[in-house]
Amino acid sequence: MKTLITGGTVVSATGSAPADVLVDGETIAAVVAPGHPLLEGIDGTVIDATGKYVIPGGVDGHTHMEMPFGGTEASDTFETGTRAAAWGGTTTIIDFVVQAHGQRVQDQLARWHAKAAGNCAIDYGFHQIIGEVDDESLRAMDELIGEGVTSFKLFMAYPGVFLSSDGQILRAMQAAAANGGLIMMHAENGSAIDVLVQQALARGETTPYHHGLTRPWQAEQEATHRAIMLADITGAPLYIVHVSAKQALARIAEARDAGRNVFGETCPQYLYLSLEEHLGAPGFEGAKWVCSTPLRARAEGHQDELWRYIRTGDVTTVSTDHCPFCMKDQKEMGIGDFSKIPNGIGSVEHRMDLLYQGVVDGRITKERWVDVCCTTPARMFGLYGRKGVIAPGADADIVVYDPAGHTSIGVGRTHHMNMDYSAWEGFEIDGHVDVVVSRGTVIVDRSGYVGTRGHGRFLARQLSQNLI
Ligand code: DUC
Ligand code: ZN
Ligand code: ZN
């Protein structure tokens with residue numbers, strides 16, 4: 001089965017040019033100048049992309065589908081979350097397998113395979129959370145590399161649940177330095193934060209706004225610096241997830257300037273939303289935006305700085321940290337005690353649009369948009385060549401994006417995630433996801449989602465292709 005995408009402008013991380021794309025089966029067969037004789041007489045489905053951008057499918061390197069967390073479970077299943085991702089032009093997710101204290105890594109990985117297999121609309125891979133660093137989990141890290149799970153998340157926050165001591169972090173980093181894996185770090189000083197949280201609650205400061213105040217940027221900067229130093233001792237590559245503080249990014253930029261394998265990820269919420277306007281919303285509304293790391297003060301300029309760091313390259317990727325919870329029965333668990341609000345925001349559907357708005361607003365180029373949302377995440381997580389690029393031989397994961405289109409985000413408008421609210425209610429995007437192709441199959445067209453549950457396959461990943 002052949003598909004021809006004609007008349008569009010192919011946008012890659014390095015440039016843009018008018019080109020036609022020939023898809024044969026599940027892969028891209030050719031990318032040629034419009035009207036090239038090679039395409040004459042080809043019998044297949046034609047997708048007219050005249051006036052549109054033709055980009056690689058989005059790669060969201062950080063999601064939590066049906067994740068058990070904060071006494072409840074993230075509200076998107078692999079089925080609903082990957083379908084919402086497809087609506088928004090994302091064709092690959094990398095989700096986190098959770099090993100908390102007292103659980104076996106290999107058992108947990110098997111559980112996550114069982115949850116995802118046969119349910120996903122798009123392709124998926126796994127990172128492994130190592131919640132308890134011991135001899136057994138260190139051995140499992142080596143085994144997982146051979147099973148295509150080549151990156152490991154550690155936590156410097158959430159004492160008693162996920163937090164690793166500095167000694168444990170060092171041991172895991174030594175293992176990664178030896179086996180080639182990538183260490184992903186949740187960099188916040190969890191012990192200090194816990195004291196601030198208890199003190200705030202004792203003073204009667206219980207609203208969602210205090211979630212932000214008790215996770216100050218200093219706790220993020222300190223942990224980021226500590227993680228960089230520990231990685232430096234061991235030689236392990238380090239990827240700091242969900243960076244929200246400009247000071248933390250300054251440490252990452254410094255390490256990168258010194259030539260280290262240190263990378264920073266941010267998320268749309270840290271580029272657009274803020275402590276004052278969102279966490280500080282009246283009553284309990286702010287719970288909608290409780291996530292960790294927290295939204296930062298606009299008055300301190302974090303959002304503008306993060307956009308700047310995307311331009312300079314010190315933000316390597318933009319993922320969502322998609323971790324949705326409904327207000328009803330979930331976020332509401334924290335009425336009267338912000339520390340009981342499950343941490344997380346749902347954005348998997350909107351990342352491509354929200355970052356495209358950065359192009360419209362003159363924050364980044366369209367090539368950088370494709371780079372941080374598609375190409376570099378693929379390279380960072382060992383998928384490049386198959387994902388993140390429109391080139392012969394790559395999987396035919398392609399989005400036709402209409403720069404003249406419009407997307408109104410919100411419940412009852414554009415909202416397919418399994419949540420009873422949208423963290424992005426009222427956002428207007430000057431662009432639109434028109435057609436989404438996943439491994440050669442159209443899964444979203446102008447009529448909506450036309451894909452099938454179970455189309456998505458597990459991706460065994462190589463080692464990171466983005467290391468110096
Ligand atoms: N932060 C969140 O907000 N949710 C999931 C896990 C995390 O680290
Ligand atoms: Zn985290
Ligand atoms: Zn996360």
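These are my notebook entries on what I looked up in this predicted model.

**Ground rules**

I'm working from a predicted model, where local features need pLDDT of at least 70, side-chain atom pairs count only at pLDDT 80 or more, and totals for chains, interfaces and linings use all residues. Residues are numbered from 1 along each chain as its sequence is written, chains are lettered from A and ligands numbered from 1 in the order in which they are written, and side-chain values use heavy atoms, with hydrogens and water left out. My helices (H or I, at least four residues) and strands (E, at least two) are DSSP runs numbered from the N terminus.

I traced an open sheet of seven strands, in the order 3-2-7-18-21-22-23, with mixed pairing. I call two strands paired if DSSP finds at least two bridges between them. Strand 3 (16-18) and strand 23 (448-449) sit at the edges with a single partner strand each, so one side of each has no neighbour in the sheet. Helix 13 (residues 366-380) packs on this sheet and touches strand 2 (9-11), strand 3, strand 7 and strand 18; its direction makes about 30 degrees with that of strand 7. Contact here means heavy atoms within 4.5 Å. Strand 7 (residues 53-56) and strand 18 (residues 398-402) run antiparallel, joined by four bridges. I found Val 54 bridged to Val 400 of strand 18.

**Entry: strand 12**

How many residues of strand 12 are buried? Eight of the eight (residues 123-130) are, so the strand is largely enclosed by the rest of the structure. Buried is under 20% relative accessible area, exposed is over 50% and partly exposed is in between (1.4 Å probe, protein chains only). Asp 123, Gly 125, His 127 and Ile 129 point one way, while Tyr 124, Phe 126, Gln 128 and Ile 130 point the other. Strand 12 pairs with strand 11 (residues 90-99) in the parallel sense over eight bridges, and Ile 94 has Gly 125 as its bridge partner in strand 12.

Helix 1 (residues 78-87) is mostly covered, with seven of its 10 residues buried; among them are Phe 78, Thr 80 and Ala 86. The cover includes strand 11, helix 2 (105-116), strand 12, strand 21 (432-438), strand 22 (441-445) and strand 23. After helix 1 comes Gly 89, with a positive phi near 85 degrees.

I then checked Ile 443, which lies in strand 22. Ile 443 is buried, at a relative accessible area of 1%. Leaving out residues up to four places away in sequence, I see Ile 443 touching residues including Ala 86, Ile 122, Val 436 and Tyr 449.

**Entry: two helix pairs**

Helix 7 (residues 217-234) and helix 8 (residues 246-257) pack at about 20 degrees, with axes 8 Å apart. That makes helix 7 roughly parallel to helix 8. Axes are lines fitted to C-alpha atoms, for helices over the stretch in contact, and angles run from 0 to 180 degrees between N-to-C directions. Under 35 degrees counts as roughly parallel, over 145 as roughly antiparallel, 65 to 115 as roughly perpendicular and the rest as oblique. The meeting residues include Trp 217 and Ile 228 in helix 7 and Arg 251 and Ile 252 in helix 8.

Helix 3 (residues 135-146) and helix 4 (residues 166-179) cross at roughly 25 degrees, their axes coming within 10 Å. That makes helix 3 roughly parallel to helix 4. Their contact includes Leu 138 and Met 141 in helix 3 and Ala 172 and Asn 179 in helix 4.
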